[in-house]
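Reader: I am new to this structure and would like to go through it step by step. Could we begin with the aromatic rings and then turn to the ligand?

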Amino acid sequence: MAKIALFGATGTIGSRILREALDRGHQVTAVVRDPAKLTEQHPALTVTTGDVLDPVSVAAAGRGKDVVVSAVGGGDGPGHIATIEPAAKSLVAGVRQLGADAPRLIAVGGAGSLRTPGGRLVWEQEGIPGFLLQIMHAHGDALAYYRSITDVRWTNISPAGTIEPGERTGTYRTALNDLVVDAEGNSRISAEDYAVALVDEIENPQHVGERFTVGY
Ligand SMILES: NC(=O)c1ccc[n+]([C@@H]2O[C@H](COP(=O)([O-])OP(=O)(O)OC[C@H]3O[C@@H](n4cnc5c(N)ncnc54)[C@H](OP(=O)(O)O)[C@@H]3O)[C@@H](O)[C@H]2O)c1
């Protein structure tokens with residue numbers, strides 16, 4: 001059983017991570033800005049308030065935990081872009097404060113910096129709307145920041161090109177820096193199976209200090 005602090009538990013991806021972790025017997029502290037938004041109840045769930053952009057919140061949430069998970073960002077507004085790289089810096093700063101007992105850090109990333117089968121990066125392809133490009137590059141900046149960090153046990157997990165609520169099949173494929181595509185050339189993962197992969201990584205660490213991606 002792992003002790004997990006989770007930022008973003010009210011979100012599309014974070015709520016699936018929360019459900020998956022609880023279903024697999026882990027103890028979760030959901031760190032939310034507004035507890036009224038979190039309706040989930042479970043004996044192994046504790047809800048606390050905090051802001052991922054505040055390293056003091058991160059350190060408080062991470063104390064005594066095995067892992068801090070972040071699934072923050074989201075929405076159609078500028079707050080989405082503005083949260084991603086600052087959150088990475090705050091998460092690292094907060095976890096770092098915990099010294100030798102610091103938990104691992106696992107963050108939801110973006111697909112933009114992955115290599116497509118054609119050899120270009122996802123964000124180099126034509127026709128991507130400007131707002132989406134900004135989000136992709138914000139995740140790219142966060143990943144570049146994580147890659148500069150050697151004193152915190154971080155992992156960044158890029159979803160496939162498309163991640164949506166769907167079915168939990170329990171199966172997925174991974175790669176390090178190449179977009180995972182299926183036989184039809186589509187890159188997709190359900191938020192439920194993404195959560196399976198993330199909790200698998202908590203239980204069986206395979207990617208400390210690197211990014212990997214999950215798709216079908
Ligand atoms: N294919 C891809 O690469 C891909 C696709 C989708 C998503 N993503 C990435 O995955 C992440 C999560 O996406 P999502 O769709 O699950 O987003 P979402 O449903 O909008 O959820 C975002 C979560 O972040 C939380 N949050 C935002 N700012 C926060 C802060 N300062 N402190 C604490 N919590 C904060 C929100 O909490 P509140 O309830 O308090 O607002 C919410 O729980 C984003 O970074 C997104 O860019 C990548």
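Reader: Over the ring of which residue does the charged end of Lys89 sit?

Author: This is a predicted model, so the answer rests on computed positions. A charge sits over a ring when, among other conditions, it is within 6 Å of the ring centre. The charged end of Lys89 lies 5.6 Å from the centre of the ring in question, which belongs to Tyr145.

Reader: How are the rings of Tyr146 and Trp154 arranged as a pair?

Author: A pair of aromatic rings is described by the distance of the centres and the angle of the planes. Planes under 30 degrees apart count as stacked. The centres of the Tyr146 and Trp154 rings are 5.6 Å apart and their planes stand at 20 degrees, so this pair is stacked.

Reader: Which residues form one aromatic cluster?

Author: Tyr145 and Tyr146 make a tilted pair, with 6.3 Å from centre to centre and 50 degrees between the planes, and both of these residues are buried. Tyr146 and Trp154 are likewise both buried. The one aromatic cluster is formed by Tyr145, Tyr146 and Trp154.

Reader: How much of the accessible area of the ligand does the protein cover?

Author: An oxygen atom of the ligand lies 2.9 Å from a backbone N or O atom of Ile13, and a ligand oxygen atom is 2.8 Å from a polar backbone atom of Ala111. A nitrogen atom of the ligand is 3.0 Å from a polar backbone atom of Ala160. Of the 930 Å² of accessible area that the ligand has on its own, the protein covers 83%.

Methods: Residues numbered from 1 in each chain as written. Predicted model: local features only at pLDDT ≥ 70, side-chain atom pairs only at ≥ 80, totals over all residues. Heavy atoms only, no water. Polar contact = N/O pair within 3.5 Å; in protein donor to acceptor, adjacent residues only side chain to side chain. Areas by Shrake-Rupley, 256 points an atom, 1.4 Å probe, with all protein chains shown as cover. Phe/Tyr/Trp six-rings, centres within 6.5 Å; stacked < 30°, edge-to-face > 60°. Buried < 20%, exposed > 50% of the residue type's maximum accessible area, 1.4 Å probe, protein only. Lys NZ or Arg CZ within 6 Å of the ring centre and 35° of its normal.
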